[in-house]
Amino acid sequence: MLTADDRRTITTLLETTGKAQCDWSADYRVFSRDVWEPADVFARLVPSILAVHPVGDTIVASLDDTNIQKSGTKIPGVAYRRDPMSPPFRPNFIRAQRFVQTSLAVPFASVPSPARAIPVGFDHAPSVGKLRKDASDDDRRLHREEEKQLSLTAYANVAINRLRETLDASGTRALRLLLAVDGSYTNQRVLRHLPARTDLIGRIRKDAVLHHPPSVSDNRGRPRSYGTELTPEQVRQDESIPWKSIQVFGAGRVHDCDIKEIAPLLWRKTGPGQPLRLIIIRPLAYRRSKSSRLLYRQPAYLITTDVHSSVEKLVQAYFWRWDIEVNHRDEKQLIGVGEAQVRSPKSAERVPAFAVACYSMLLISAAKAFGIAAAEPVVDRPKWLTNSSRKQLRLSTRQLLKRLKAERPGPTLNLPNFEHFASSVARRMKLPKSAVSLDQALQHALY
């Protein structure tokens with residue numbers, strides 16, 4: 001999967017391993033029939049990731065969904081979805097499969113530093129089909145229930161709980177898990193179903209209605225659950241709350257960020273028993289060129305269930321969330337996730353997850369061989385980059401793949417050629433009996 005030079009189809013993998021003239025049925029059945037789950041494969045990788053993770057009291061993870069573009073309409077899980085690369089003034093639609101990925105962030109140091117996101121989950125997240133126009137009331141009710149069960153938040157809850165269980169089984173039960181997500185997962189269904197020893201930080205709308213805790217009063221009647229209302233935008237404009245400067249790493253260097261924080265706060269979506277913490281990041285100033293006027297980016301409004309950790313640690317964890325987008329780019333452009341032409345329901349789920357697991361193994365092996373913070377090139381760089389003033393912060397995936405291909409020897413398999421296989425057999429007909437004897441089959445299996 002990692003050393004193939006062509007598109008990562010099953011046929012290419014057979015040719016790369018020297019099995020182009022051999023029986024190919026077992027290789028296809030590994031994905032379509034065998035009893036194994038991608039989650040079990042990723043669970044075996046977590047201890048190796050924790051071995052290169054620096055010692056601390058918190059493990060940071062990221063969660064996000066991604067689309068794998070497909071042209072076929074009969075592939076399981078394919079549906080029309082919004083194209084994230086379309087311009088904001090013209091949303092486009094594409095046929096694609098949807099997956100939910102979780103990645104562990106392995107920081108390079110305890111101070112503000114870069115981090116490497118290593119995938120630990122890649123779950124197929126198909127959506128519910130379209131309801132017929134002449135559907136009955138019972139069908140509509142069942143369709144609404146199915147929409148809730150197959151929503152992104154439902155898949156996210158499964159992934160979060162499985163990651164927490166995997167970490168507990170790996171001997172990190174005492175460590176807290178901090179999840180960095182975007183605004184689509186900062187909602188009631190995710191925040192109310194977080195497992196034990198797990199916190200979340202994500203974006204929130206600037207006009208979301210939050211509440212102060214209720215004040216103690218002598219008024220008669222039922223005690224109040226929520227205090228006075230406020231919005232994140234009101235907090236940002238409130239001059240009585242001072243700005244605080246912190247340092248975080250992002251976009252290749254350490255930045256000075258001005259933030260405001262206020263805690264505890266309550267949100268009706270999470271209930272009166274869940275205190276929250278609001279963090280606002282002041283928009284950064286920048287210029288398009290040296291002679292252009294000063295421009296500002298949009299402020300960021302973050303909400304988190306962690307009300308005890310330092311604000312520097314929380315903001316840095318959210319900045320590390322961007323590396324899961326780097327995972328998505330590398331998986332699609334370099335690893336070949338989604339290039340295999342498979343139609344079986346299990347294969348459509350397992351082959352992309354298998355490719356992501358190979359990508360995760362590549363990052364783990366590189367961290368063990370060269371160090372998680374290694375930045376010196378492990379392959380010959382192009383001549384035009386030899387004297388470049390900009391130094392790379394870490395080894396790129398392209399460099400790791402090039403190094404792996406240079407170390408991999410050619411295929412040395414010498415398996416027998418099965419020329420007796422029929423070229424085409426009708427699906428409704430039974431397959432002919434194999435002319436291979438039992439002894440020959442055992443020798444081929446044990447070769």
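Mentor: This is a predicted model. Start with the side chains of Asp 5 and Lys 405, which meet in a salt bridge at 3.5 Å, N to O. The pair links distant parts of the chain.

Trainee: How many residues apart are Asp 5 and Lys 405?

Mentor: Asp 5 lies in the segment before α1 (10–16). Lys 405 belongs to helix α11, residues 397–407.

Trainee: Is Asp 5 buried or exposed?

Mentor: The cut-off for exposed is over 50% relative accessible area. Asp 5 has a relative accessible area of 71%, so the residue is exposed.

Mentor: Next, take Glu 233 and Arg 236, whose side chains form a salt bridge.

Trainee: Why are Glu 233 and Arg 236 separated by about one helical turn, and what is the N to O distance in their salt bridge?

Mentor: Both residues are in helix α7 (residues 232–237), and they are separated by about one helical turn because they are three residues apart. Glu 233 is buried at 17% relative accessible area, whereas Arg 236 is partly exposed at 27%. The N to O distance of their salt bridge is 2.6 Å.

Trainee: Which residue forms a salt bridge with Lys 244?

Mentor: Lys 244 is in strand β9, and its partner is in helix α8 (residues 311–320), 68 residues apart. Lys 244 is partly exposed, at 37% relative accessibility. The closest N and O atoms are 3.9 Å apart, and the partner is Glu 312.

Trainee: Which residue in β10 is the bridge partner of Lys 244?

Mentor: Strand β9 (residues 244–250) runs antiparallel to strand β10 (residues 253–267), and seven bridges join them. The two strands form a hairpin with two residues between them, and Ala 251 in the turn has a positive phi of about 60°. The bridge partner of Lys 244 in β10 is Ile 259.

Trainee: How many salt bridges does the structure hold?

Mentor: Some of the charged residues are linked in a network of salt bridges, namely Arg 164, Asp 168, Arg 173 and Arg 197. For the structure, the number of salt bridges is 21.

Notes: Residues are numbered from 1 along each chain as its sequence is written. This is a predicted model: local features need pLDDT of at least 70, side-chain atom pairs count only at pLDDT 80 or more; totals for chains, interfaces and linings use all residues. Side-chain values use heavy atoms; hydrogens and water are left out. Two strands pair if DSSP finds at least two bridges between them. Helices (H or I, at least four residues) and strands (E, at least two) are DSSP runs, numbered from the N terminus. A salt bridge is a side-chain nitrogen of Lys or Arg within 4 Å of a carboxyl oxygen of Asp or Glu. Buried means under 20% relative accessible area, exposed over 50%, partly exposed in between (1.4 Å probe, protein chains only).
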